[in-house]
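Subject: Handover of a structure

Dear colleague,

Please find below the structure that I am handing over to you. My notes on what was found in it follow directly after it.

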Amino acid sequence: VVSTQSTGVIKGFTIPNYHKNCNDMEHSSENVRFISGDWSEISPLLHESYDLILSSETIYNTESQNKILQLLLKHLDPDIGVAYFAAKRHYFGVGGGVLDFTELVNSSGVLKCEVIWSSEEGLKRDILKISHKRK
């Protein structure tokens, strides 16, 4: 599943780039679903759990962070699932960032979130690893 909030981005950039870079049968678009919409609209379209979720530049808006958390709680496989989020440490003007999202995920009591990579140059960036807490 490949998703973004913008239908224009999916149709104008994501799908054409996918076809340009993955043109063999092993990477056929028959095996990929392209979805656009708000996080709360995407979750009902997913009917399974995933062992890997990758995300970049999605936690910039604090209003969206809880929707992303709900999606992770519902669709990240509880046994082997892991999610990686690449993000700026702080998004100026919209208020989101790594600290807020890490605190939100960890406060769920179900998932744990940790910074596994950081860059201190220029705009500070982190990569977060999210998985289910193990008993």
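Leu71 is buried, as its relative accessible area is 7%; buried means under 20%, exposed over 50% and partly exposed in between, with a 1.4 Å probe and protein chains only. Please note that this is a predicted model, in which local features need pLDDT of at least 70 and side-chain atom pairs count only at pLDDT 80 or more, while totals for chains, interfaces and linings use all residues. Residues are numbered from 1 along each chain as its sequence is written, and side-chain values use heavy atoms, with hydrogens and water left out.

Leu71 belongs to helix H3; helices (H or I, at least four residues) and strands (E, at least two) are DSSP runs numbered from the N terminus. Apart from its neighbours within four places in sequence, Leu71 is in contact with Trp39, Ile42, Ser43, Leu46 and Leu76, where contact means heavy atoms within 4.5 Å. Between Leu71 and Pro44 there are 9.1 Å, C-alpha to C-alpha, although they are 27 residues apart in sequence.

Helix H3 (residues 62-75) also packs with helix H4 (residues 98-107), at an angle of about 40° and with axes 10 Å apart. These axes are lines fitted to C-alpha atoms over the stretch in contact, and angles run from 0 to 180 degrees between N-to-C directions. H3 contributes Thr62, Gln65, Asn66, Ile68, Leu69 and Leu72 to the contact, and H4 contributes Asp100, Phe101, Leu104 and Val105.

Rings of Phe, Tyr and Trp (its six-membered ring) pair if their centres lie within 6.5 Å; planes under 30 degrees apart count as stacked, over 60 as edge-to-face and the rest as tilted.

One of these pairs is Tyr60 with Tyr91, which is edge-to-face, with 6.0 Å centre to centre and 65° between the planes. Tyr60 lies in the loop between strand E3 (52-56) and H3, and Tyr91 in the loop between E4 and H4, so the pair ties together parts 31 residues apart in sequence. Tyr60 is partly exposed because its relative accessibility is 30%, whereas Tyr91 is buried at 8%.

Phe85 and Phe101 form a tilted pair, at 5.2 Å centre to centre and 40° between the planes. Since Phe85 lies in strand E4 and Phe101 in helix H4, this pair ties together parts 16 residues apart in sequence. Phe85 is buried at 2%, and Phe101 is buried at 0%.

Yours sincerely
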